[in-house]
Structure formats: C-alpha cells, structure tokens
Amino acid sequence: MVLFLGVVRQSEDGRRLTGIRYEAHDAMARRQFELLFTEAARRWPLTSLRLVHRTGFVAVGEASLWMEVIA
C-alpha cells in the first residue's frame, strides 16, 4: 500500500502563500480520473485505487490531494 498526500506549500516563485483556491469542472475531473484509473489498472495488478482532490480554499500545510494505491 502506498499513500501520497499533496500538501500546499508556503511559497511559489518566491511569493509567500496563505493557501490555494482550487476549482474544478466536476464532470471533466471525474472523466480524467477515470482515464487515469483505467490506465493504471491496465498496467499493474491493483486491488484498490483511491483519489481525493479538494476544491475551494486549502490553507498552507493542509493536504489538497490524497491518493492511496493497493496492489
């Protein structure tokens, strides 16, 4: 099992951040995730693949992306 957390960092290109505001087109995001999952399942013997990407404001130090892969 592998767990990955994408955490909002404190700076970008030398600028300090308080957080990042994420937006998404729900249907498009779901379709892209489906394509990624299908390709991963084709390549590797996966038991489970889970992905969560937050939308809205995510503060520095908080996870904006959570991914779990079990094979």
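# Salt bridges, sheet and loops in a predicted model

Arg43 forms a salt bridge with Glu39, with the closest N and O atoms 2.8 Å apart; a salt bridge here is a side-chain nitrogen of Lys or Arg within 4 Å of a carboxyl oxygen of Asp or Glu. By this rule the count comes to seven salt bridges. The model is predicted, so local features need pLDDT of at least 70 and side-chain atom pairs count only at pLDDT 80 or more, while totals for chains, interfaces and linings use all residues. Residues are numbered from 1 along each chain as its sequence is written, and side-chain values use heavy atoms, with hydrogens and water left out.

**Salt bridges**

- Arg43 and Glu39 are four residues apart in helix α1, a separation of about one helical turn. Helices (H or I, at least four residues) and strands (E, at least two) are DSSP runs, numbered from the N terminus.
- Arg43 counts as exposed at 52% relative accessibility, whereas Glu39 counts as partly exposed at 30%. The classes are buried (under 20% relative accessible area), exposed (over 50%) and partly exposed (in between), with a 1.4 Å probe and protein chains only.
- Glu34 and Arg31 also meet in a salt bridge through their side chains, at 2.8 Å from N to O.
- Helix α1 spans residues 26-43, and Glu34 and Arg31 are three residues apart in this helix, again about one helical turn.
- Glu34 is partly exposed at 44% relative accessibility, and Arg31 is partly exposed at 42%.
- Arg54 forms a salt bridge with Glu62, where the closest N and O atoms are 3.2 Å apart.
- Arg54 has a relative accessible area of 33% and is partly exposed; Glu62, with 34%, is partly exposed.
- Salt bridges that share partners join Glu39, Arg42 and Arg43 into one network.
- In general, side chains of opposite charge can pair when their charged atoms come close.

**Sheet**

- Three strands form an open sheet in the order β1-β7-β5, with antiparallel pairing. Two strands pair if DSSP finds at least two bridges between them.
- The edge strands are β1 and β5 (48-53), each of which pairs on one side only.
- From one strand to the next, the twist averages 5°. Axes are lines fitted to C-alpha atoms (for helices over the stretch in contact), and angles run from 0 to 180 degrees between N-to-C directions.
- Strands of a sheet pair through backbone hydrogen bonds, either parallel or antiparallel.
- β1 and β7 run antiparallel and are joined by six bridges. Val7 has Ala63 in β7 as its bridge partner.
- β5 pairs with strand β7 (residues 63-70) in the antiparallel sense, over six bridges. Val52 has Trp66 in β7 as its bridge partner, and Arg50 stands opposite Glu68 in β7.

**Glu68**

- Glu68 is found in strand β7 and counts as buried, at 10% relative accessibility.
- With neighbours within four places in sequence left aside, Glu68 is in contact with Met1, Val2, Leu3, Ser48, Leu49 and Arg50. Contact means heavy atoms within 4.5 Å.

**Nonpolar surface patch**

- Met1, Leu3, Leu5 and Val7 form a nonpolar patch on the surface, and together they have about 420 Å² of accessible area.
- Patches are made of residues with over 30% relative accessible area and no salt bridge; like charges are joined within 9 Å, and nonpolar side chains (Val, Leu, Ile, Met, Phe, Trp, Tyr) within 5 Å.
- Accessible areas come from the Shrake-Rupley method with a 1.4 Å probe, and for residues only the protein chains shown count as cover.
- Val7 lies in strand β1 (residues 2-7) and is partly exposed at 46% relative accessibility.

**Loops**

- Asp13 has a positive phi of about 50° although it is not a glycine.
- Asp13 lies in the loop between β2 (11-12) and β3 (15-16), and is exposed, with a relative accessible area of 70%.
- Thr55 has its place in the loop between β5 and β6 (56-59) and counts as exposed, at 51% relative accessibility.
- Thr55 touches Tyr22 and Ala24, residues up to four places away in sequence not being counted.
- Thr55 and Gly6 are 49 residues apart along the chain, and their C-alpha atoms are separated by 13 Å.
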